[in-house]
Amino acid sequence: MPTVSMTVNGKAVSREVEPRTLLVQFLREHLGLTGTHVGCDTSQCGACVVHVDGRSVKSCTMLAVQADGRVVTTIEGMAAADGTLHPIQAAFRENHGLQCGFCTPGMVMSVADLLKNNPSPTEREVREWLEGNICRCTGYHNIVKAVLAAAEALRGAPAHAAE
Amino acid sequence: MLSDGIGAPLRRKEDRRFLTGKGHYTDDINRPGQTYAYFLRSPHAHARIRGIDKTAAEAAPGVLAVLTGEDLAADGIGGLICGWMIHSKDGSPMKAGPHPALAQGKVRYVGDHVAVVIAETLNQAKDAAELIEVDYEVLPAVVSTAEARTSPVRVHDDIPANTVFEWELGNKAETEAAFSRAHHVTRIDLVNNRLIPNAIEPRAAVGEYDSGMDTFTLYTTSQNPHVARLVLSAFVGLAPEHKLRVIAPDVGGGFGSKIFIYAEETVCAWAAKKVGRPVKWTAERSEAFLADAHGRDHVTHAELALDQDGRILGMRVHTTANLGAYLSTFSSCVPTYLYAPLLSGQYAIPAIYAEVDGVYTNTAPVDAYRGAGRPEATYVVERLVETAARELGMDPAELRRRNFIRPDQYPYQTPVIMTYDCGNYEASLSEALRLVDYENYPRRKAESEARGRLRGIGFSCYIEACGLAPSAAVGSLGAGVGLWESAKIRFNPTGNVLVYTGSHSHGQGHETTFAQLIASQLGVPTEQVEVIHGDTEKTPFGMGTYGSRSLAVGGSALYKAAEKIIAKGRKIAAHLMEAAEADIEFKDGKFTVAGTDRSKTIQEIAFAAYVPHNFPAGVEPGLEESAFYDPLNFTFPAGCQICEVEVDPDTGVVEIVNFVAVDDFGKIINPMIVEGQVHGGIAQGIGQALLENCVYDPESGQLLTGSFMDYSMPRAHDLPSFKVGMTITENPSNPLGVKGCGEAGAIAAPAAVMNAVTDAIGVNDLQMPASPERVWQALQRGRMAQAAE
């Protein structure tokens, strides 16, 4: 079995895995990082979004071996070490942008990528970007509100970049 | 009042764990020695099983067991049940075919459970499943709702015409008489499209058996763990109730689909004992599409009789309801008692008669999905009323006003069972008209037309019966259970509080709302209140969460338990302060001797209760109380949605450009959470109206919409932001004055959207979902009809 090594949430990890292991399986089953969820089998729902080298990726659609040597951030790596929520997490809470919480980690990770590249999105741009993240609870209304609020918060605090 | 108590938009207590990836969903749970289950499912819609050869699969690497329906039968494990008996109009009981957790003799839909492989790894289980040889005799299938009764195919060999029941409600003779007096009759044919619930968390289960204790533990994605335990014990025969613990931890959305007791969790628990190891199963999304209970699927003809002033005289409705291949847990009550009793809507209708035929088809079971029967009823009523207004040349708001039940008519007895206890429909309509800016609608329509777009406006004035439900009432209608709820409040010696509820939160925010309720009533800060739910060993027996019942029924149980806490605290306080019990007042967390400044906090009383060195005689130590609450009536949330759309006549694409919802949910505990529930419901309703449709191939019975690539889920860019308003009439039937808010959005929205689209295109004959193709074709039909005139 091949060994894969990568940096996950700032920590170097190394495991032997079957070659067919998906990145999401590696995170959930080998590292116990169960914050990244699986909601479909066709790369549609976005519950599994993580960052690989700073870009949002559906971790159900990437093999663990493809992430060898790369830097991965999951939802568990977003809050500060002292527990302070990332501004995107805080905005989701403040604006009730989550209900059951299952799509939420993928949403937050996806939004972090959006706001890194587009710090001042319009409502339309937010809605277009979230095409790859399905939420069944919120009707997206409060998610969109949360993203716009997070964008504003992040613009006001440039030191705390989207990642 | 506390700043975070009743009425405050308190930010949710559960959010931190969800936002930081620290939730505990069923698939996050792994037990030592765990094995994996994989279900072999039927590739055929209808087939006889002539034999199953599992030799090769059993010999495959890592396989512990390959189990089939024969093994279930040999162990005396019974079939899955439907818990609501419906009687046909001739008095005969509904015809329920057998529903084994693994097929016995026949498979009846694509995705039906044929066998399960238990293996060391999931991949080994999947690989072995491919080695199972099933000898199928493929039979013709029937999937169409409309054709189920006339098809020569029999889904269950001994059930003629695939008819589960032929049910009726209302007074036929009075309704016929009303129609004979009518000045105008509006007729409409409607399809309420079949939906697939698609909570984003797939269903999952981990079954575990402790041979030393002879106990089972089942972790499962359930909205009602006690009901699951009851069914698995009393009917399936898995284990006695006291030997089975069901835990529903964080659950990622339900929308009804996680109420039911399914084959997979049954098999995981049973198989755990057989292989002597924990057994885990997590649905793939494709399995969720195939085998989660679907929703809706009605074919309806409805008629409305009106007099010359636009007053409604009567309504008659005939519906065929597709129940799928097996009767799921509550399937039979959805198109009957959760449907026809709502056909009076918000209107004073003297006579109503409804007939509903429930039918079997070779499709997945159909059961409650957000709204469950009430969206179907609202769709019938509100499309009829809007159509009538158009035919009579009346403003649709005015026709509704003319027929509203007035605030001075409560309690109002409808001709179809329900007694509405309060409401003010004019108030919610007026507020919705204000929010949508109805006055300037003609200007907006002209602007759209100038841009080559067709603009339409549609109304939906809904009512629902929720807060399910008075036990005696539902028992008289055939329910196999009572629908009360339970609560327990435990003060700890240090003054913080554990609140146990028999209801279950899977996104609704109970941990926050119930904490606010208790904080307000007992005067304890919300951060010192912890709400516990979802574990049959921790919480008192409860009926779970569906039918917008948690606050109205579960919250009322909590209220009663808190009243008992206060009553006991008063006795202790009186003793400690050497006063008469009658002189003790309780307010804002303090027991005070009336007219003095002598007081004790509830935390001091709690401490004294656990360290009872100085304690009133005859009072038990401790401060912990339970309560059960059986509601006096259903609750009747009601309101008005108005939708404005623009249609591109060249493409048929519909855009929602203005969407208003005004709801009367009674007293509001947390307005932020309530608005969130409304948003989510509206999105599901818009999804039904414009996007979502479950399609089976009529010949083969294959599911054609079996993935997120084929089934159109509402995405962020499909939806607008919503304008949400509230009007309030406090509910007189429960101590909190609340009604329930979980389903309203999904109940009202389909009619509002379809009324708007049909208004825009000037063609009323249009079924959901109003896809661009269907809208474009309707436009062409309209043009041809115009040309022919």
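Helix 16 (residues 602-610) of chain B lies across strand 22, strand 23 and strand 24 of chain B, and its direction makes about 75 degrees with strand 24 of chain B. Helices (H or I, at least four residues) and strands (E, at least two) are DSSP runs, numbered from the N terminus. Angles run from 0 to 180 degrees between N-to-C directions, and axes are lines fitted to C-alpha atoms, for helices over the stretch in contact. The model is predicted: local features need pLDDT of at least 70 and side-chain atom pairs count only at pLDDT 80 or more, while totals for chains, interfaces and linings use all residues. Residues are numbered from 1 along each chain as its sequence is written, chains are lettered from A in the order in which they are written, and side-chain values use heavy atoms, without hydrogens and water.

The 3 strands form an open sheet of chain B in the order 22-23-24, with antiparallel pairing; two strands pair if DSSP finds at least two bridges between them. Strand 22 (584-587) and strand 24 (599-601) of chain B are at the edges, each with a single partner strand, so one side of each has no neighbour in the sheet. From one strand to the next, the twist averages 20 degrees. Strand 23 (residues 590-593) of chain B is joined to strand 24 of chain B by 3 bridges, and B:Phe591 stands opposite B:Lys600 in strand 24 of chain B. Helix 15 (residues 550-576) of chain B also packs on the sheet, touching strand 22, strand 23 and strand 24 of chain B. Contact means heavy atoms within 4.5 Å.

In chain A, the axes of helix 2 (residues 87-94) and helix 5 (residues 141-156) come within 8 Å and cross at roughly 140 degrees. Helix 2 of chain A and helix 5 of chain A are therefore oblique to each other (under 35 degrees is roughly parallel, over 145 roughly antiparallel, 65 to 115 roughly perpendicular, and the rest oblique). Residues making the contact include A:Ile88 and A:Phe92 of helix 2 of chain A and A:Val147 and A:Leu154 of helix 5 of chain A.

Helix 6 (residues 225-234) of chain B is mostly covered, with 8 of its 10 residues buried, where buried means under 20% relative accessible area, exposed over 50%, and partly exposed in between (1.4 Å probe, protein chains only). Among the buried residues of helix 6 of chain B are B:His226 and B:Arg229. The cover includes strand 10 (215-220), strand 11 (244-247) and helix 7 (263-275) of chain B.
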